[in-house]
Amino acid sequence: MNEDKLKEVQNGLEDSEKSMVRVEELRKQFGNLEVLKGIDLDVKKGEVVCIIGPSGSGKSTLLRCLNRLERLTSGKIYVENELTEDRVNGRTVSKIDSDKISRLNLDIGMVFQNFNLFPHLTVLENVMIAPQIVKKINKDDAYNTAIQVLERVGLADKKDEYPIRLSGGQQQRVAIARAIAMDPKIMLFDEPTSALDPELVGEVLETMKELAETGMTMIVVTHEIGFAREVADRVIFMDEGVICEEGGPQEVILNPKKERTQAFLNKIL
Amino acid sequence: MTQQQIQAIFDGTVITIEITAVSVVLGFILAMFVALGRLSKNRIIRGISWFYIWFFRGTPLLLQLFMVFYAVPIIYLDYTGQTLNMDPMVTSYITYTLNTTAYMAEIIRAAIESIPEGQMEAAKALGMTYGQAMRRIIIPQTYRRLVAPIGNELIILLKDTSLVSSIALSDLLRTTRTLANSSGSWLYYVYAAAIYLFMTTLLQLGTDQLEKRLGVYERR
Ligand SMILES: Nc1ncnc2c1ncn2[C@@H]1O[C@H](COP(=O)(O)OP(=O)(O)O)[C@@H](O)[C@H]1O
Ligand SMILES: [Mg+2]
């Protein structure tokens with residue numbers, strides 16, 4: 001083991017108790033519909049948390065609240081132990097410096113079900129654009145980073161293609177590369193393989209597994225129970241806007257205690 | 001046809017082209033702002049943009065032309081006590097620009113709204129601001145979708161410039177009518193039709209080409 005690796009492991013040990021995202025009493029309403037009914041969650045550094053649950057249970061809404069695509073109705077969010085949201089009844093109660101929020105938000109990357117690659121940009125441009133215009137990184141450095149992350153997902157040879165000419169699996173891997181080019185500390189995945197043909201699911205899960213092995217903190221909404229069993233440190237079963245059951249993959253997937261969890265697992269397995 | 005007549009028709013055509021070209025370029029730039037105004041979160045900005053479009057689409061172009069040419073000098077006189085002579089060419093630039101802006105703004109707004117929500121979300125998730133996402137992600141994707149409707153607007157605009165004859169500008173149509181009246185020959189109308197068709201055909205071909213080129217990334 002070389003020295004860098006050793007350091008990484010040591011840091012990892014020291015930091016493994018560090019909270020990366022913490023959510024307290026998170027509620028989210030759309031009009032009169034309460035979609036999230038008080039979620040508490042604490043994700044530690046390097047942890048991989050898989051969220052499973054029936055459609056409509058609020059999984060996407062939870063992820064979207066975490067990276068501010070959606071504003072919560074009430075509750076608190078901490079990113080790396082710093083308060084980024086504190087709201088009650090749709091109003092912000094603690095004024096938080098907006099620069100700090102933007103900075104912390106950059107630590108959260110997201111991968112969507114429908115990839116959402118920018119179709120008018122090549123693969124390379126897709127990966128380079130945010131580091132350049134958001135982080136103001138110069139073109140050469142952005143290029144080098146882009147090539148590096150594309151190599152990681154095995155798609156450097158496709159750098160000059162437009163997204164439409166790639167398979168779904170390749171598009172999703174580019175989307176992952178695009179997110180990690182921003183060097184996030186936490187990655188959110190919202191059903192990253194649900195839009196894929198079955199034969200393309202494996203390559204994306206493989207890429208995610210490799211990412212998890214590098215120590216990335218990940219929150220993954222997925223129906224891929226096999227992936228959750230193998231990669232997750234913790235599995236959360238959500239139903240009707242609450243966390244119904246959580247624990248290690250062995251407990252939640254193999255020995256679910258709650259009836260609703262059992263019923264759900266029976267349905268999808 | 002005499003040399004003089006040919007020159008007159010040529011000059012008329014140039015006026016037609018000038019008004020069209022100036023107002024389409026200025027109009028497109030203004031329309032981008034009005035369209036973004038329509039989509040703004042700020043109610044006042046949205047209201048102003050809405051009012052602008054409502055007014056310029058809801059009144060006849062000829063009326064707008066008269067308002068700038070006749071009404072503006074009267075208003076100016078009332079307020080300053082000085083006379084103002086509106087140059088017909090300047091009047092045309094102003095009126096056609098303002099008018100086409102309203103139509104183009106609606107075209108641009110519709111194109112922006114046709115871009116899937118996920119594009120803005122992905123841009124925001126990468127840390128882009130609304131402005132950055134609009135400039136670099138959303139608006140560039142509208143270009144190909146804009147070509148056909150803007151081309152259409154351009155063709156309508158080109159033909160509508162014939163209204164400037166009512167403020168004494170010798171554009172293509174007015175020149176033709178003068179020549180036809182003085183010579184008693186209907187052939188001049190055929191020449192005019194041919195010239196209009198020639199120009200609109202060029203526009204059609206041009207926009208078709210542009211659309212193809214801008215759509216490169218949409219072909220598998
Ligand atoms: N923007 C929205 N406006 C209104 N209702 C919404 C919106 N987004 C999601 N919902 C509703 O919230 C509920 C949870 O949705 P979602 O978080 O997408 O669930 P999941 O990802 O678990 O399938 C659903 O009933 C959905 O219809
Ligand atoms: Mg969902």
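Q: How many helices and strands are there in chain B?
A: Helices here are DSSP runs of H or I with at least four residues, and strands are runs of E with at least two, numbered from the N terminus. Along the sequence, chain B reads α-α-α-α-α-α-α-α. The tally for chain B is eight helices and zero strands.

Q: What kind of model is this, and how are residues numbered?
A: This is a predicted model, where local features need pLDDT of at least 70 and side-chain atom pairs count only at pLDDT 80 or more, while totals for chains, interfaces and linings use all residues. Side-chain values use heavy atoms, with hydrogens and water left out, and residues are numbered from 1 along each chain as its sequence is written.

Q: What share of chain B counts as buried?
A: Buried means under 20% relative accessible area, exposed means over 50%, and partly exposed is in between (1.4 Å probe, protein chains only). Chain B has 220 residues. The buried share of them is 43%.

Q: How many disulfides are there over all chains?
A: A disulfide needs a pair of cysteine sulfur atoms within 2.5 Å. By that rule, the count over all chains is zero.

How values were computed
Chains are lettered from A and ligands numbered from 1 in the order in which they are written.
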